[in-house]
Amino acid sequence: DGCSALAGGVNSIYSATATGFRVYVKPASTYWTQAAKAKANNWRLNWCGVKVMPPSSGAGAEAGYPCTAPRLLEGDGSQTVYSNNGAICCGSTDTNWQDGKDGGSIFNIIDTSMCNFKDTKALITNAQGKLGSISKAAGESSWATTSDPNKFRVWLYAPDVKFYDAKAANWKVQWCAMGKLKE
């Protein structure tokens, strides 16, 4: 299970349909290129699908889960309900990438303040850029909190790419956050 850290590059959805999609994983070494080894090490793909929700005003607007709002759980494996009136908010970063201190990564800041969340319970990210250029990066799901509860730092492992290369290739991070609205 600790071997899952050796994979990166699950940054695009391919062959999307109403019932499924395909992703490709770029292992850190050729040792992990066999599906049997991934299965033996219990590799999993966490994903989230969001369907169009009805308008949140008018008759039944206060109903919450499952009619007009997503259910949010406490997290960390808990099945305890945090809120039956969660919200989903999506956006995209700018192209203001910065070099990481390790020399092999770059990062950008996701600002969720437009969501007006009391707190963010989940964050889903996807890196996008000019065709072909983003294949030089991996690990866009790596993110960390900052001292500002509305800002998250998202990392891309890109040893051959500097922040100015990412900016020139128009790399951005699309994101969706789930949280509870401020009252």
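This is a predicted model: local features need pLDDT of at least 70, side-chain atom pairs count only at pLDDT 80 or more; totals for chains, interfaces and linings use all residues.
Which residue does a disulfide join to cysteine 89? The partner is cysteine 115, with an S to S distance of 2.2 Å; a disulfide here is a pair of cysteine sulfur atoms within 2.5 Å. Residues are numbered from 1 along each chain as its sequence is written, and side-chain values use heavy atoms, with hydrogens and water left out.

The overall layout comes next. The protein has two helices and 11 strands, where helices (H or I, at least four residues) and strands (E, at least two) are DSSP runs numbered from the N terminus. Read from the N terminus on, the order of elements is β-β-α-β-β-β-β-β-β-β-β-α-β. Among the 183 residues of the protein, 30% count as buried; buried means under 20% relative accessible area, exposed over 50%, and partly exposed in between, with a 1.4 Å probe and protein chains only. The accessible surface comes to about 11800 Å², and carbon and sulfur atoms hold 52% of that area, as given by the Shrake-Rupley method with a 1.4 Å probe, where for residues only the protein chains shown count as cover. Of the contacts in the protein with a separation of 6 or more, 61% are between residues 24 or more positions apart, a contact being heavy atoms within 4.5 Å.

Back to the sulfur atoms: a search of the whole structure finds two disulfides. In the link of cysteine 89 and cysteine 115, the angle about the S-S bond is -80°, and the link is left-handed. Cysteine 89 lies in strand β5 and cysteine 115 in the loop between β7 and β8, so this pair ties together parts that are 26 residues apart in sequence. Both cysteine 89 and cysteine 115 are buried. The other disulfide is formed by cysteine 90 and cysteine 176, whose sulfur atoms are 2.0 Å apart. Its torsion about the S-S bond is about 105°, so the disulfide of cysteine 90 and cysteine 176 is right-handed. This pair links distant parts of the chain, with cysteine 90 in strand β5 and cysteine 176 in strand β11, 86 residues apart. Cysteine 90 is partly exposed at 42% relative accessibility, and cysteine 176 is partly exposed with a relative accessible area of 23%. With bonded cysteines counted along the chain, the disulfides follow the pattern 1-3, 2-4.

A pair of aromatic rings is described by the distance of the centres and the angle of the planes. Rings of Phe, Tyr and Trp (its six-membered ring) pair if their centres lie within 6.5 Å, and planes under 30 degrees apart count as stacked, over 60 as edge-to-face and the rest as tilted. Three aromatic pairs are present in the structure. One of them, tryptophan 97 with tryptophan 171, is edge-to-face, at 6.5 Å centre to centre and 90° between the planes. Tryptophan 97 lies in the loop between β5 (86–92) and β6 (98–99) and tryptophan 171 in the loop between α2 (163–168) and β11 (172–181), so the pair ties together parts that are 74 residues apart in sequence. Tryptophan 97 and tryptophan 171 are both buried. Phenylalanine 107 and tryptophan 155 have ring centres 4.9 Å apart and planes at 50°, so this pair is tilted. Phenylalanine 107 is buried, at 7% relative accessible area, whereas tryptophan 155 is partly exposed at 26% relative accessibility.

What about the nonpolar interior? In soluble globular proteins, nonpolar side chains tend to be buried together. A nonpolar core is a set of buried Ala, Val, Leu, Ile, Met, Phe, Trp, Tyr and Cys residues joined through side-chain atoms within 4.5 Å. The largest such core has 20 residues, of which Trp97, Ile106, Ile110, Trp171 and Trp175 touch the most other members. At least two residues of this core come from each of β5, β7, β8 (117–128), β10 and β11.Finally, asparagine 116 has a positive phi of about 60° although it is not a glycine. Asparagine 116 lies in the loop between β7 and β8 and is partly exposed at 40% relative accessibility.
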